[in-house]
Amino acid sequence: MLHSCVRSASLWVLLLVFLISGCASIIDGKRQAMTFNSVPEGAHVVVNGITSGTTPANIVVDRSFFSDTVVVIKKNGYSDMEIKLAKSTNWWFLGNILFPGLYGTTTDAISGAIIQYQPDQYHVTLTPLGISSEESDKIQKESELRNFILHMYVNLGEDISRGNGEALNSLYSLLHLSQDSEKQSALGKIRDYWAKFPQPPAFAEAVISSFKRNGATGG
């Protein structure tokens, strides 16, 4: 019995080593194509000190288990934003192999100005230098709304198709819509934007721009 348990444990250890050193590299590779978006666009994407593109940018980055990949998004007149990319081993992939059905999000939180809304896509809201506290507050509210839409994009799509749901109700709340008539009117617009803008960033900006005009986002 003891021998069997030891052998079983040894097999798990070998499997872990194989997955970490082998399969994960096969799935993800040592390089990864990534997309960086920013508001406003036209910001430089600096990867480990090397300028590699301008937002919106599709960039192939090297992945290293032993060191961090640091990306800085910078634009004249705005504060720099730094993103520290994940290590090369895809730990969620490993967890899903060992424990089927394990649920994990692609980001630890949706606070601040940075959100990883898919494993290989980042969206950054840059803050202008020298702005007033009122302007900063407006940007923060827009950023929170944008982050929510990107983070909950798939869930929103499901709710939009059926006309109700938790994600859609949360969006109404962020847009400060409380009356049923307001929500019904907003749903029509949101459905139009969903059909017209199939990419998450474009959809988010369409919603923000429309409801900003109506004063819903503090604009």
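## A polar contact, and the model

A polar contact here is a pair of N or O atoms within 3.5 Å, where one must be able to donate a hydrogen and the other to accept it. Keep that in mind for Ser-38, whose side chain has a polar atom 2.6 Å from the backbone oxygen of Pro-40. One caveat before going on: what you're looking at is a predicted model.

## Around Ser-38

Ser-38 sits in strand β1, which covers residues 31–39. Is Ser-38 buried or exposed? Its relative accessibility is 5%, and buried means under 20%, so Ser-38 counts as buried.

Besides the Pro-40 backbone oxygen, the Ser-38 side chain has a polar partner in the side chain of Thr-55, at 2.7 Å. Thr-55 also turns up among the residues that Ser-38 contacts once neighbours within four places in sequence are set aside; the others are Ala-43, Ile-73, His-123 and Val-124.

Now for the greasy parts. The largest nonpolar core counts 23 residues, and Ile-149, Leu-171, Ile-190 and Phe-203 have the most contacts inside it.

Not counting residues up to four places away in sequence, Leu-171 touches Leu-145, Phe-148, Ile-149, Leu-156 and Ile-190.

Start with α4 and α6: their axes are 10 Å apart and the packing angle is about 120 degrees. That angle makes α4 oblique to α6, and the crossing is left-handed. On the α4 side, the residues that meet α6 are Tyr-153, Gly-157, Ile-160, Ser-161 and Arg-162, while α6 brings Leu-187, Ile-190, Arg-191 and Trp-194.

Next come α5 and α6. Which residues make their contact? First the geometry: the axes lie 11 Å apart at an angle of about 110 degrees, and 65 to 115 counts as roughly perpendicular, so that is how α5 and α6 are arranged. As for the residues, Leu-168, Leu-171 and Tyr-172 come from α5, and Lys-183, Ala-186, Leu-187 and Ile-190 from α6.

Terms used. Residues numbered from 1 in each chain as written. Predicted model: local features only at pLDDT ≥ 70, side-chain atom pairs only at ≥ 80, totals over all residues. Heavy atoms only, no water. Core = buried A, V, L, I, M, F, W, Y, C linked by side-chain atoms within 4.5 Å. Buried < 20%, exposed > 50% of the residue type's maximum accessible area, 1.4 Å probe, protein only. Contact = heavy atoms within 4.5 Å. Helix = DSSP H or I, 4+ residues; strand = E, 2+ residues; numbered from the N terminus. Axes fitted to C-alpha atoms, helices over the stretch in contact; angles between N-to-C directions. Parallel < 35°, antiparallel > 145°, perpendicular 65-115°, else oblique. Left-handed = near helix turned anticlockwise from the far one by under 90°.
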